[in-house]
Amino acid sequence: MSVSFIFNILLIILLIAFVAGFFVYKVRKTDTIQDNRSTLERERTIYSIETMQNYIKKQFDEITRMNLYDLALSEEEFERRKNVKYELKKALKGAGYADASDKKYVKNLMFDLLRNNYKVNNFNINHAIPFNNFDALTSQDKFEILMHVYKKEFKAEALTQMITKYNLDFPKYEFDENVPSYVITAGEIDSIFTSEITPETLSFEDKLEIVVQRIYQRYKGYSVVDDIRDMNIDGVSGGVSGIPPSFLDQLSDMDEYLEQIQDRKIPMSYDSVWIFYKGKATYLSFLSFGSEDELKRVCQNIYKYNNPGQLSESVGYKINEMKDGSRIVVLRPNFSESWAFFVRKFAPPTLISTEQLLVHEGKEKVIELLKFLVRGARVTSITGEQGCGKTTLLMAIMKYLYPTITIRVQETAFELHLRKIYPYHNILSLRETDTITGQEGLDVQKKTDGGVNILGEVATDPVAAWMIQMAQVASKFTLFTHHAKTFPNLITSLRNSLLKIGMFNSENVAEVQVVQVINFDIHLKKGIDGARYIERITECIPLEQKFSYNNDYRKVKDVDKKLDKFMDNAVEFFQHMTQSQNYTYKNIVEFVDGKYVFTNPISENNISAMRDNMSPEDIRDFDDFIDSTWR
């Protein structure tokens with residue numbers, strides 16, 4: 001056998017071995033890559049928001065449903081676990097009612113479970129929210145990161161500080177090049193995020209707190225508006241713009257319309273998040289509830305504080321308050337075209353003052369006048385459109401009441417919460433319930449030693465009748481709010497309400513009752529830029545009813561002359577019944593060119609009545625005010 005033959009055989013064997021080895025290497029490398037990919041996919045699933053939310057829910061269920069008697073625990077351990085179980089059940093319930101302390105307790109427990117038991121660390125947390133890749137963050141991610149950073153410094157003022165710093169409350173031509181609107185866009189959030197956040201900004205604890213908030217708002221909170229609702233803003237709403245699902249159900253050519261929606265990116269109703277900020281309805285176009293089911297979940301849970309009853313197709317809306325005193329209105333189909341909610345927040349007690357509410361030139365004199373109207377026990381209405389600050393001003397001027405005067409409040413839903421602001425005053429608030437009508441509440445109020453009656457809002461015919469009753473017989477004087485645009489509108493609206501509920505049959509008589517009750521009207525206005533101010537303060541002056549009936553017909557014997565004199569009385573009667581004007585009115589303060597101007601003086605009748613209700617010191621101050629303002 002030749003040497004060359006042996007060499008060829010060896011060469012072939014080496015070649016085969018090389019190919020086999022290369023094949024084994026490639027197979028093993030592929031398996032390793034596949035294993036790594038499989039491990040990465042498993043980690044992504046394990047540390048996703050959905051999976052961690054399910055874990056938290058399971059842990060909470062185990063804690064709250066555990067039968068401690070089956071565990072054979074020592075007495076000390078039994079008591080400890082029982083307390084944990086009780087505290088968690090209480091906190092989970094309170095968190096759903098927007099209780100800040102309960103929310104904090106639940107989130108702290110979630111934080112500990114994820115860090116200590118679920119082993120979330122600085123690496124795998126990026127599977128929940130990609131903190132390590134800013135390009136992969138959504139606008140919601142960036143907004144929630146920004147909110148977390150701002151909340152650390154500004155707490156409930158976080159959103160206000162962000163909006164103010166970056167002038168986000170100015171109108172933009174986002175949807176129509178000819179018509180501006182108030183909107184905060186994804187582009188603005190991206191820009192703020194880029195300028196404020198770096199990879200070093202967030203610690204691991206910060207990241208985990210952001211993830212915990214995301215899980216909490218999907219589990220027990222109010223979705224994307226959960227943190228926004230806690231801010232010191234005027235309100236937040238959802239489901240009030242975009243295409244409602246009921247509209248899509250009515251379309252015959254669905255595919256074509258959906259294609260148009262996709263091309264134009266028209267939002268659905270669940271893409272609707274609005275805030276009410278400094279009197280301006282502002283659209284947060286970068287936020288969405290994600291689905292109709294999520295919006296529905298929020299609507300079904302946000303109103304349930306104090307068990308107001310079930311929202312259903314037959315009961316299509318609910319008006320209630322939340323634990324922090326916010327007013328909540330929830331609506332559902334078929335009563336409304338889509339699921340929707342409105343949270344109306346009121347300024348915290350520290351911000352309730354006329355000095356902070358009124359900011360324009362001449363406000364000092366106006367504030368003095370408001371004080372004298374209250375201390376002079378004048379029946380006063382506060383009117384204006386929704387969101388112009390009527391309730392807030394009403395709460396503010398209550399501080400001018402003498403502490404010796406008792407206050408009784410009648411409301412549809414508790415909104416004023418005057419005892420939180422004035423805890424040392426004698427105040428009791430009542431409201432309607434399913435079994436107690438407002439009229440019954442008013443009857444009870446008459447037996448509670450009330451000095452001044454407050455009506456949160458005169459929005460229905462029966463409430464208007466309550467106001468007239470209260471002002472006439474139930475108390476020293478009355479304060480209330482109303483949505484009238486002008487003073488004649490206010491009188492006409494109240495008059496018509498008395499007619500509708502059957503208290504009177506004559507328009508003239510009903511109007512006389514109204515104008516004899518109301519003394520002053522404070523009308524608020526909200527400018528297109530959201531600025532709020534007192535547009536006017538109006539005095540109502542009832543016209544004296546003069547009668548010239550006589551009994552001369554009794555002395556006349558001639559039948560024709562007797563009839564003539566009787567007919568004279570009949571004409572007088574019909575003139576009285578059809579009198580076209582029962583009152584006149586005048587503006588004593590007007591808002592002109594950005595400042596308050598005092599125009600007509602208060603009538604002598606009201607000045608005299610006001611002095612009768614004031615202390616000697618206030619009488620002297622009031623006389624000086626009258627002399628320096630109008631004389």
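Hi everyone, let's start in the middle of the protein. The largest nonpolar core has 81 residues, and Ile-534 and Ile-537 have the most contacts inside it. By nonpolar core I mean a set of buried Ala, Val, Leu, Ile, Met, Phe, Trp, Tyr and Cys residues joined through side-chain atoms within 4.5 Å. Buried is under 20% relative accessible area, exposed is over 50%, and partly exposed lies in between, with a 1.4 Å probe and protein chains only. Helix α18, residues 461-474, gives the largest share of this core, eight residues. Apart from it lies another core, of 73 residues, including Ala-91, Ala-158, Leu-208 and Val-236.

A word on what we are looking at: this is a predicted model, where local features need pLDDT of at least 70, side-chain atom pairs count only at pLDDT 80 or more, and totals for chains, interfaces and linings use all residues. Residues are numbered from 1 along each chain as its sequence is written, and side-chain values use heavy atoms, with hydrogens and water left out.

What does Ile-537 touch, leaving aside its neighbours within four places in sequence? Its contacts are Val-366, Leu-369, Leu-370, Leu-373, Asp-521, Ile-522, Lys-586, Asn-587, Ile-588 and Val-589. Contact here means heavy atoms within 4.5 Å. As general background, nonpolar side chains tend to be buried together in soluble globular proteins.

Now the whole chain. There are 23 helices and 16 strands in the protein chain; these are DSSP runs, helices being H or I with at least four residues and strands E with at least two, numbered from the N terminus. Of the 631 residues in the protein chain, 47% are buried. Take the contacts between residues at least 6 apart in sequence: 66% of them join residues at least 24 apart.

Next, two helix pairs. Two packed helices are described by the angle between their axes and the distance between the axes. Axes are lines fitted to C-alpha atoms, for helices over the stretch in contact, and angles run from 0 to 180 degrees between N-to-C directions.

Pair one is α4 (residues 100-117) with α8 (residues 204-219): their axes come within 10 Å and cross at roughly 120 degrees. That angle makes α4 oblique to α8. For the cut-offs, under 35 degrees is roughly parallel, over 145 roughly antiparallel, 65 to 115 roughly perpendicular, and the rest oblique.

Pair two is α19 (residues 487-500) with α20 (residues 507-517), whose axes come within 9 Å and cross at roughly 125 degrees. Again, α19 is oblique to α20, and α19 passes α20 in a right-handed crossing. Here Ile-491, Leu-494, Arg-495, Leu-498 and Leu-499 of α19 meet Glu-507, Ala-510, Glu-511, Val-514 and Val-515 of α20. The tally for this contact is seven nonpolar, no polar and three charged.

Most residues other than glycine have a negative phi, and most peptide bonds are trans. Where does Ser-223 sit? You'll find Ser-223 in the loop between α8 and α9 (226-229), with a positive phi near 55 degrees. Ser-223 is buried, at 5% relative accessibility, and beyond four places in sequence it touches Gln-217, Phe-289, Glu-294, Arg-297 and Val-298. Ala-377 also has a positive phi, about 55 degrees, without being a glycine. Ala-377 belongs to the loop between α14 (363-375) and β8 (380-383) and is buried, with a relative accessible area of 5%. As for the peptide bond, the one from Pro-333 to Asn-334 is cis, with omega near 10 degrees, and Asn-334 lies in the loop between β6 (327-331) and β7 (340-344).

Terms used:
Left-handed = near helix turned anticlockwise from the far one by under 90°. Nonpolar A, V, L, I, M, F, W, Y, C, P; charged D, E, K, R; others polar.
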